[in-house]
Amino acid sequence: ESIKQYCEDNNIDFETFLKEYLSITEQKEDIKDATAKAIQSAVSVWCEFPTKDYYTKDTSVACGAGVIYQMNSSFAYIITNYHVVYYADGITSNHIASKIHIFQYGTSEYAYETGEYNSKGYPEIAYGDGAIEAEYVGGALNYDIAILKVSTAELLKYNEHAKAISVAQEYNLAETAIAIGNPLLKERFEKMNE
């Protein structure tokens with residue numbers, strides 16, 4: 001049913017409709033509650049990519065967001081974007097990150113170069129408290145989606161309220177959507193290493 005038709009049927013003007021049904025004051029608690037619930041299922045995803053040119057070996061770091069979509073007593077599965085775990089200039093056979101860690105929001109989230117090098121001559125990256133090692137399960141470049149697996153015990157160790165996301169059954173035009181993200185800019189990683 002159109003808004004215009006609804007207003008005519010209920011003998012109200014459009015301004016009254018907006019005040020009655022799209023009130024910001026009424027939605028504040030809903031937004032706050034929805035965000036609090038969503039944050040329990042959101043994670044940041046940190047990926048390492050060994051790279052090499054003619055002269056140097058390096059470790060590039062990328063970061064993105066993910067969401068816990070399934071949990072059982074052993075493992076939790078996380079959806080993220082394929083472009084977070086894939087880097088065309090990476091030298092792994094499939095160009096997928098050589099190491100993947102996740103953080104839940106609220107943990108001390110950071111990564112830094114240690115100044116040390118691994119056995120293959122690449123710079124080592126260390127992670128702060130709360131880092132959980134993740135395993136790449138699979139993904140699709142065409143759909144920009146990837147699946148990661150982590151230990152449920154590790155998730156719950158850092159956040160006992162961690163849970164799989166519940167997806168709304170119905171979405172309507174003009175409803176509020178909450179996006180939780182974690183982009184990593186090169187400058188941000190460099191500042192973290194100062």
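How far is the sulfur of Cys 63 from the closest cysteine sulfur, and in which residue is that sulfur? It is 7.9 Å away, in Cys 47, and that is too far for a bond. A disulfide here is a pair of cysteine sulfur atoms within 2.5 Å, and by this rule the count comes to zero.

Before I go on, some ground rules. This is a predicted model, in which local features need pLDDT of at least 70 and side-chain atom pairs count only at pLDDT 80 or more, while totals for chains, interfaces and linings use all residues. Residues are numbered from 1 along each chain as its sequence is written, and side-chain values use heavy atoms, with hydrogens and water left out.

Cys 47 is buried, with a relative accessible area of 0%, and Cys 63 counts as buried at 11%. Buried means under 20% relative accessible area, exposed means over 50%, and partly exposed is in between, with a 1.4 Å probe and protein chains only.

Now the cores. A nonpolar core is a set of buried Ala, Val, Leu, Ile, Met, Phe, Trp, Tyr and Cys residues joined through side-chain atoms within 4.5 Å. The largest one has 21 residues, and Cys 47 is among those with the most contacts inside it, together with Val 45, Ile 100, Ile 102, Leu 148 and Val 150. Elements giving two or more residues to this core are β1 (42–52), β3 (75–80), α4 (82–85), β4 (99–104), β7 (132–140) and β8 (145–151). β1 gives the most, with four residues. Helices (H or I, at least four residues) and strands (E, at least two) are DSSP runs, numbered from the N terminus. Cys 63 belongs to a second, separate core of seven residues, which also includes Val 61, Ile 125 and Tyr 127. As background, nonpolar side chains in soluble globular proteins tend to be buried together.

Take Val 150 as one case. Contact means heavy atoms within 4.5 Å. Leaving aside neighbours within four places in sequence, Val 150 is in contact with residues including Phe 75, Ile 78, Ile 102, Ile 132, Ala 134 and Leu 155.

Next, the strands. Two strands pair if DSSP finds at least two bridges between them. β4 and β7 run antiparallel and are joined by three bridges; Ile 100 stands opposite Ala 134 in β7. β7 also pairs with β8 in the antiparallel sense, over five bridges, and there Ala 140 stands opposite Ile 145.

The hairpin of β7 and β8 has four residues between the strands. In that loop sits Asp 144, a residue other than glycine with a positive phi near 50°. Asp 144 is partly exposed, at 26% relative accessible area. His 95 is not a glycine either, and has a positive phi of about 65°. His 95 lies in the loop between α4 and β4 and is partly exposed at 26% relative accessibility.

Last, Thr 59, in strand β2 (residues 57–71). Thr 59 counts as buried because its relative accessibility is 6%. Which backbone oxygen does the side chain of Thr 59 reach? That of Pro 123, at 2.8 Å. Leaving aside neighbours within four places in sequence, Thr 59 is in contact with Glu 48, Phe 49, Pro 50, Tyr 122, Pro 123 and Ile 125. Ile 125 is one of the residues in the second core.

Technical notes. Polar contact = N/O pair within 3.5 Å; in protein donor to acceptor, adjacent residues only side chain to side chain.
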